Every structure is written in C-alpha cells, then in structure tokens.
Amino acid sequence: MHNPPIAVVTGGSAGIGRATVDALLNRGYRVAVLARGTKRLETLSRIMGDRVWTRSVDVSDGAALERAGDAIVAELGVPDVWVNNAMLTSLSPFAKVDEAEFRKITDTTYIGTVNGCRTALRIMARGNIVNVGSGLAYTSVPNQAAYCGAKHAIEGFTQSLRIELAQARRPITLSMVQLPALNTPQFDWSRNRMDRKQQPAPPIFQPEVAAEGVLRAIDSDAREVLVGRSVLQLMVANMLLPGAVERKLTKIGTDIQTSERPDLPQLDNLDSPVEDYPSASHGPYDDRASSRGIVVDGDVARKVFALGSAAALLAAGVLLGRATAPGRMPRRLDRLRATPAHLRPAGF
C-alpha cells in the first residue's frame, strides 16, 4: 500500500491551524498536529483517528520541539510539509505590556517559527516549509506591537534562510503566506485590555481562505503568497504612502480592532491554553466573514503593479509630450495665427 505524504502543523488544534489540518487531510496527507494544550488534541484524535498524530508541545521550547520532530519521524516517517502557524498576541497599548508578556508573544510567534524551521530542516529531506505571516508584516497597527514586531521578524528571517537554502541547493522550498484578518478563536481568547470585545479588522475572511493560501504555497513553491485584497492594499499603501497610512491608523487603528460588543471577563491564552474552548477553526464573527478571497503569488502581484505603474507613467509622458511637442498647437492657436495680424488679440 502506498504510504500517504506527511505534514506537520504547529498551532494546529484551532483557528488557521485547524483549517489547514482539515485541508491537508482532504488532500490525503497524514498530519502531525502540534499545540500547547491537550483537550483539543484529544478531540482531534477521537474525530480523525490515525489520520492525525498529536503532541502537546510549546514551540517556544526548541528542545521540546526537536523531541517532537524525532517522534514524528520515528512513528510516522519523514515529513514532506511543515507549516509554522503557532502564535500569541494581546490587544494592549505598549505601555501596559510588561517585558514578560512581550517576550511570551515574541517567543511563541517569532522564535516558535525559527524553532519550527530548525527542526524541519534537520529531519526533512525535501518538500515545503510554510511560515504563516500577516499583512501586518507590511503595515503595523497600534496596540499589537509585540505581534506586529514578530511578524516583521518572521519576514526578515524567512528571506535570509531562503537564500541560505538556495546557496546550499537543498530541495526544500521555504514560503511565506501573508494573511488578512480572519475569523478565528483568537478573538475569544487573546488577552484584551480594551473596553470592547476585540475583532478582526475588516474586511474579515474565514480561516479556510488562509488554508487555501497555504496549499497554494505548497502546490506552486511560491516564495510568497498574498491572501485577501486587504493584504495587497497594505503592501502597496505602505510602499507608496507610509506616512499617510500611519496618519490614517492614528485615527482609526484602535476602532477597527474593537467591536461594539462589551468585553466580558474571560480567561486568555497568553500563559496557558484555554482548554475548554473546542477544536474549531472559526471564531465569533461568522456573520461578517467572507468564505472567498483572492490568493495570489506575491512576486506576480508586484510585477503586475510595477508594470501597471510604468505603463501609466509612460502613457502620461506620451500625452504630455504630444501636448507640448513643437509644431503641435491647440486648434484655437492655429485659428488665431490664421487671423489677419490687425485682428489678433494683443500678443499674437
């Protein structure tokens, strides 16, 4: 019997990770699911059976993740795909985030991705590593300084490592998938110091759109995949008008991240998982989230934008040249020149 391909997903028990696990299972992969908690992993094992392999591990602990990688190889085989998705955040002004909290978010979101790449590269012979990023790697928002910083760091780390892999000629593709605001359980369990319930900054997409982006990266070996029109807008706007973007976010950056619903006291997942929350991909905003979004190769999008901008500049230059070329006069001037000299207005 042909052995199914093997994939690993960190932070795979809920949200984007769970949607990615489901998408990979539908493709015929056997999936190793890594997450901090145990109850959601137990639920996945009960529902999916031996199609999934689960391990409770904190990705910020490099040694623990290495042990998990060895166990995956011993019990399943060498992975073909590794998806780094685990993250933490808090919606809080920077002044209220102490060093321990900032470090916790950074260690899980950024260092967890670094640890995942290190483990994957040690045990994988070939295949795909996909680092889950965000449009916030291009344009940051207020009150999520640690998370935005981590996503910027992942972008820089990934590019450097990708070049090293090319130099070493290793048959492993390293991709970034830059995601928009998504309707995930994050908005029910992330730490929140605002007076209203947090929300994904509109437009909001369902996590299955993110999973589609991950699959696109695997299928195409793309360097970068952009998901959702809002990510394209953030990329272009920050490239062309960063000052204007910051001024706009100064006015609306907090409001777009908070809903009209009051924030009720609840447990957050910063220090430990919220174990009683089910293993679900969707969060509390199904009524506002779109199940469809554009998924494009980032390099292709940049080329199209650059060519479009160049074409627009060229067209403007041609039109300007025609308007000012010697020998070409507006019709009114031609008529005036044909008028007898004693009948022309002064100056003609």
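Tutor: Let's start with a cut-off: buried means under 20% relative accessible area. This is a predicted model, and by that cut-off 47% of the 348 residues in the protein chain are buried.

Student: What makes strand S1 mostly covered?

Tutor: Take residues 6-10, which form S1: five of the five are buried. Each therefore falls under 20% relative accessible area.

Student: How do you know that both faces of S1 are covered?

Tutor: Side chains in a regular strand alternate between the two faces of the sheet, so you check each face separately. On one side sit Ile6, Val8 and Thr10, on the other Ala7 and Val9, and all of them are buried.

Student: Why do S1 and S2 count as paired?

Tutor: Pairing takes at least two bridges. S1 and S2 (residues 30-35) have five and run parallel, so they count as paired. Within that pair, Ile6 stands opposite Arg30 in S2.

Student: Which residues of H1 make the contact with H7?

Tutor: Gly15, Ile16, Ala19, Thr20, Ala23 and Leu24 do, meeting H7 residues that include Pro207, Glu208 and Val214.

Student: How do the residues of that contact divide?

Tutor: Into 10 nonpolar, two polar and one charged.

Terms used
Residues are numbered from 1 along each chain as its sequence is written. This is a predicted model: local features need pLDDT of at least 70, side-chain atom pairs count only at pLDDT 80 or more; totals for chains, interfaces and linings use all residues. Side-chain values use heavy atoms; hydrogens and water are left out. Contact means heavy atoms within 4.5 Å. Helices (H or I, at least four residues) and strands (E, at least two) are DSSP runs, numbered from the N terminus. Ala, Val, Leu, Ile, Met, Phe, Trp, Tyr, Cys and Pro count as nonpolar, Asp, Glu, Lys and Arg as charged, and the others, Gly among them, as polar. Buried means under 20% relative accessible area, exposed over 50%, partly exposed in between (1.4 Å probe, protein chains only).
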